[in-house]
Amino acid sequence: MNIILISMILALAIPIYEACQDEDVWQKMLAFASIASKTSIMILVISVLRDDWMIGVVGVLILSVGNAALMLLAQIIKRISD
Amino acid sequence: MINAISYVLMGIGIFFWFWGTWPLVGHRSVLYKLHSLSVADTLGSMLIVVGLLLKIPREWPLLVLAILSLAIWNTVLGYVLAYCSSDTKETGT
């Protein structure tokens, strides 16, 4: 289980690096969407690892509300850049 | 036995994560990256959650909700991101 978590953190480092080095706003949005879904899955894994129901609820909330917020942010960026 | 299957599922899911996230680093178009990311990321995440579901079947309402929101939201988000990014490109040129 620890190995799974470490490899997940390694996979999470790729979009973080991409968000830091790329200047284009859509590439950054893409990296942020990837970071959001990866972190919420990591929260779910940790909740099963610790056998804690409450952490899992937080993960599912981030999974649903965070993606909706990213969608709204994309719309706002498009409106501003038009 | 079920424990081993869940570990294998999670391993395949993490492999999918790396496979889908690796093209992010290169200098390709946004749509190419979006395609690889949305397909492989959603599939990998769903495999990991199914692995967790096999490991602890007691928490199935939460994990089924996670799978459903992954399947719906990542598809919608991919569509919206593709629509927004391609639209600004057309007006930009």
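In this predicted model, Asp41(B) forms a salt bridge with Lys38(A), and the closest N and O atoms of this pair lie 2.7 Å apart. Across the interface of chain B and chain A, three salt bridges are found by the rule, and the count of residue pairs in polar contact between these chains, both residues being at pLDDT 80 or more, is seven. On the side of chain B that touches chain A, at least two residues come from each of the helices α1 (2-21), α2 (30-55) and α3 (60-92) of chain B, and α3(B) gives the most, with 18 residues. Sorted by class, this side of chain B has 27 nonpolar, seven polar and seven charged residues.

Taking the interface as a whole, 41 residues of chain B are in contact with 42 residues of chain A, and the two chains bury about 3900 Å² between them, 77% of it on carbon and sulfur atoms. Of the area that chain B buries against chain A, Trp17(B), Leu62(B) and Trp73(B) supply 16%, which is more than any other three residues.

Within chain A, how do two of the helices lie against each other? Helix α2 (residues 25-50) and helix α3 (residues 53-81) of chain A pack at an angle of about 170°, with their axes 8 Å apart. Because angles over 145 degrees count as roughly antiparallel, α2(A) is roughly antiparallel to α3(A). Among the residues that meet here are Trp26(A), Met29(A) and Phe32(A) in α2(A), and Ile62(A), Leu63(A) and Leu70(A) in α3(A). By class, the contact of α2(A) with α3(A) has 16 nonpolar, five polar and two charged residues.

Notes: Residues are numbered from 1 along each chain as its sequence is written. Chains are lettered from A and ligands numbered from 1 in the order in which they are written. This is a predicted model: local features need pLDDT of at least 70, side-chain atom pairs count only at pLDDT 80 or more; totals for chains, interfaces and linings use all residues. Side-chain values use heavy atoms; hydrogens and water are left out. Contact means heavy atoms within 4.5 Å. Buried area is the accessible area (1.4 Å probe) that two parts lose on being put together, summed over both. A salt bridge is a side-chain nitrogen of Lys or Arg within 4 Å of a carboxyl oxygen of Asp or Glu. A polar contact is a pair of N or O atoms within 3.5 Å; within protein, one must be able to donate a hydrogen and the other to accept it, and residues adjacent in sequence count only if both atoms are side-chain atoms. Helices (H or I, at least four residues) and strands (E, at least two) are DSSP runs, numbered from the N terminus. Ala, Val, Leu, Ile, Met, Phe, Trp, Tyr, Cys and Pro count as nonpolar, Asp, Glu, Lys and Arg as charged, and the others, Gly among them, as polar. Axes are lines fitted to C-alpha atoms, for helices over the stretch in contact, and angles run from 0 to 180 degrees between N-to-C directions. Angles under 35 degrees count as roughly parallel, over 145 as roughly antiparallel, 65 to 115 as roughly perpendicular and the rest as oblique.
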